[in-house]
Amino acid sequence: MSFAGVNFDRRMLLLLGALAATIVATIGIHIIRDQRIADVLAIVDITGSMNTRDMGNPRGSLNRLEASRQALIDMMQDLPCQSRLGLGIFSERISFLLLDPVEICSNYDALEGAISGLDWRMAWQGDSFIAKGLYSGIDIASSLKSDLIFLTDGHEAPPLPFTGVPEFDGKPGAVEGLIVGVGGSEKTPIPKYDDEGRQVGVYNETDVPQDNRIGAAPKDAETREGYNPRNAPFGAMPTNGDEQLSSVKTAHLKDLASRTGLAYVELQNVRGIAPKLLSSTEPRIVPVNTDMAYVPALFALLSILALYALQLIERAPMRRSRVSPAVFEF
Amino acid sequence: MIFTNPIALYLLPLALIPLFLGMQRQESYPSLAGFETDRLSRAIGWALRLAGVAALASLILGMAGVALRERTIERFGQGAHIVLLIDRSASMNDTFAGRQPSGAEESKSSAAKRLIKEFVVEREHDRFGVAAFSTAPMHVVPITDHKGIVLSAIDAIDRPGLAFTDVGRGLAMALSMIEEDVHQGSRAIVLVSDGVAVVGRKIQDALRTEFARRPVHLYFVYLRTEGANSMFAEPAPGVEDTPQALPERHLNKFFQSLRIPYHAYEAENAAAVKGAITDIGKLEQTPLVYTERIPQYDLSRWAYALAALALGLLLAAKLCERTLKLPGAPGHAA
């Protein structure tokens with residue numbers, strides 16, 4: 001085949017194809033692709049029981065708060081760019097928003113600094129009404145239109161009253177996300193700190209309320225020792241218990257998760273929380289401009305390789321069919 | 001130099017193929033012994049091999065997403081490293097008149113939010129950190145040059161706040177954030193609060209030592225609610241002049257006694273806040289080394305262009321190709 005004095009053999013066609021594809025790659029092919037991202041508010045429990053050292057590898061090398069911070073930083077690395085992360089803390093009975101969600105890649109080091117700055121000293125009160133904190137966290141997330149990650153050990157202090165978990169008055173599932181249970185399954189002592197922030201031993205049985213004596217007394221209180229309707233409605237004897245020891249309260253957190261329509265994941269059992277977050281929330285899709293220039297480039301590469309391979313396949317039959325053994329390379 | 005898709009680099013050995021195989025059509029010739037070595041031909045032969053290597057290598061580098069790493073360069077400008085220390089107590093959610101915000105009036109915190117955001121956006125070279133305080137001091141964003149996260153931290157300040165106002169510990173938090181920051185330049189704390197409590201003696205002493213150690217400019221923007229005490233006014237006769245009765249006045253006195261560059265602003269409305277912030281902007285104009293980010297630069301396009309050039313060269317060689325056979329003569333090879 002020949003045109004205008006140029007011989008269009010297969011080599012020429014391959015070469016022209018490679019050149020054309022390379023020029024296309026230089027100009028660039030951009031397609032708009034859908035990228036799944038996360039837009040999430042992370043609320044970290046910073047109450048006293050989160051100082052318990054029962055996380056990390058080896059077990060006990062990290063306290064729960066450190067493990068939560070690490071989990072959030074790891075999650076940031078697992079999420080695609082354009083995902084947004086906000087930050088809040090929980091103490092007492094409400095969640096407190098520190099940061100509106102912000103894009104993670106362009107603010108990575110500052111966001112990492114903000115996560116590393118989360119400290120139990122920021123807590124404004126010692127109580128830990130987890131259910132109420134979670135519900136207020138859900139309110140904040142819904143006002144930000146983002147998903148929620150609530151990292152807690154589920155240790156209510158004081159313990160829940162006999163009436164059980166306070167009712168959730170929102171719509172279950174309106175805000176999606178995760179409750180992350182942080183902590184080990186074994187009961188572990190909680191470190192105790194003095195006014196200056198130095199650790200002074202651990203909590204013992206009489207340091208913490210062992211039962212909830214707020215509100216109405218339970219039905220069986222009358223049978224308790226020393227019961228007096230006015231002076232001792234809960235009975236006169238201190239309750240024994242092991243509220244001074246803490247473990248991750250899986251059953252309580254699963255119950256909260258089912259009430260609020262969130263998913264539950266236990267940090268000690270998973271490698272990262274990002275996959276679980278993405279699988280348990282409604283996909284948020286953003287269009288991403290992707291450069292597909294590698295496709296024509298790959299085509300060009302294969303064409304050139306074919307061009308050189310031609311010499312291999314053509315050389316053999318030539319030798320057999322020719323009388324003259326000399327092969328001339330131009 | 002970085003690669004966004006480094007796995008393609010495994011293909012790089014393929015670029016050596018042109019050194020062993022030719023791409024021109026081969027034709028048989030009885031004997032080459034009669035020819036003298038021709039330097040030009042050899043040079044052209046090698047040039048074509050190298051062009052083949054260049055074409056393959058640059059295509060592979062382009063597919064690997066070769067790019068220049070993001071860099072930061074230091075420049076000189078004017079500005080400061082500023083920690084915004086913001087009151088998140090519940091009273092910040094009321095208006096300047098001390099009422100619940102209605103449609104017509106905005107709350108103190110949303111006025112502060114709007115104006116501080118403007119300030120952060122206007123100040124090009126400044127680096128900002130954000131700390132909040134209420135019952136406890138809260139570390140929000142360390143001093144950073146990422147404006148986005150600073151703005152989103154300021155976005156959060158008109159959320160419902162907590163009960164108390166512990167300004168002393170808040171200042172200690174702001175100072176520790178300044179301590180952690182290693183960049184050179186003038187440092188300032190902008191304290192935005194609508195009323196304060198007594199700063200305890202112990203914390204006063206600690207703050208005195210900290211401020212003496214480090215030259216920090218302090219700006220106190222007091223969002224005064226209608227009818228609240230002024231921090232400048234002399235106490236009316238009959239009113240006790242104690243920190244418990246007039247905490248703002250005594251906090252002001254304490255700041256004045258620190259012997260640091262200190263400015264106090266009392267703002268009763270959004271316009272006054274705006275004035276105070278503009279004034280702070282004018283005062284914080286010291287020479288400053290700031291870093292400018294040069295974003296990652298994608299070189300793959302240049303790699304493809306180089307490949308196209310090399311292929312052009314090979315094409316030119318191909319066009320120069322002439323067959324030894326006479327046209328029309330039956331040939332054995334293609």
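Hi everyone, and a quick word on conventions before we start. Residues are numbered from 1 along each chain as its sequence is written, while chains are lettered from A and ligands numbered from 1 in the order in which they are written. Since the model is predicted, local features need pLDDT of at least 70 and side-chain atom pairs count only at pLDDT 80 or more, whereas totals for chains, interfaces and linings use all residues.

Let's begin with chain A. You will find seven helices and 15 strands there; helices (H or I, at least four residues) and strands (E, at least two) are DSSP runs, numbered from the N terminus. Chain A has a radius of gyration of 32 Å, well over the 20 Å that the globule rule gives for 330 residues, so it is more spread out than a compact globule. That radius is taken over C-alpha atoms, and the globule rule is 2.2 Å times the number of residues to the power 0.38. Along the principal axes, the C-alpha trace of chain A spans about 120 × 40 × 35 Å.

How much of chain A is buried? Buried residues account for 39% of its 330 residues. Buried here is 20 or more other C-beta atoms within 10 Å of a residue's own, exposed is 12 or fewer, and partly exposed is in between, with C-beta atoms placed from the backbone.

Now the domains, whose bounds come from an automatic or database domain assignment. In chain A, domain 1 is 2-29 + 292-321 and domain 2 is 34-208 + 243-288. The centres of these two domains of chain A, taken over C-alpha atoms, are 58 Å apart. Chain B is split into domain 1 (2-24 + 38-69 + 296-319) and domain 2 (74-292), with 59 Å between their centres, again over C-alpha atoms.

Next, where the chains meet. The contact takes 55 residues from chain B and 55 residues from chain A; two residues are in contact if their C-beta atoms, placed from the backbone, lie within 7 Å. Which element gives the most to the side of chain B that touches chain A? That is α8(B), with twelve residues. This side of chain B divides into 32 nonpolar, 16 polar and seven charged residues. For those classes, Ala, Val, Leu, Ile, Met, Phe, Trp, Tyr, Cys and Pro count as nonpolar, Asp, Glu, Lys and Arg as charged, and the others, Gly among them, as polar.

Chain B also has an open sheet of three strands, in the order β1-β3-β12, with antiparallel pairing. β1 (2-3) and β12 (297-298) of chain B stand at the edges, each with a single partner strand, so one side of each is left without a neighbour in the sheet. Strands pair if DSSP finds at least two bridges between them, and β1(B) and β3 (residues 66-68) of chain B have two. I2(B) has A67(B) in β3(B) as its bridge partner.

Finally, some backbone details. A cis peptide bond joins N57(A) and P58(A), with omega about 0 degrees, and P58(A) sits in the loop between β4 (39-45) and α2 (64-78) of chain A. Another cis peptide bond joins A157(A) and P158(A), with omega about -5 degrees.

K145(A) is not a glycine, yet has a positive phi of about 55 degrees. Is K145(A) buried or exposed? K145(A) counts as exposed, because it has 11 C-beta neighbours inside 10 Å.
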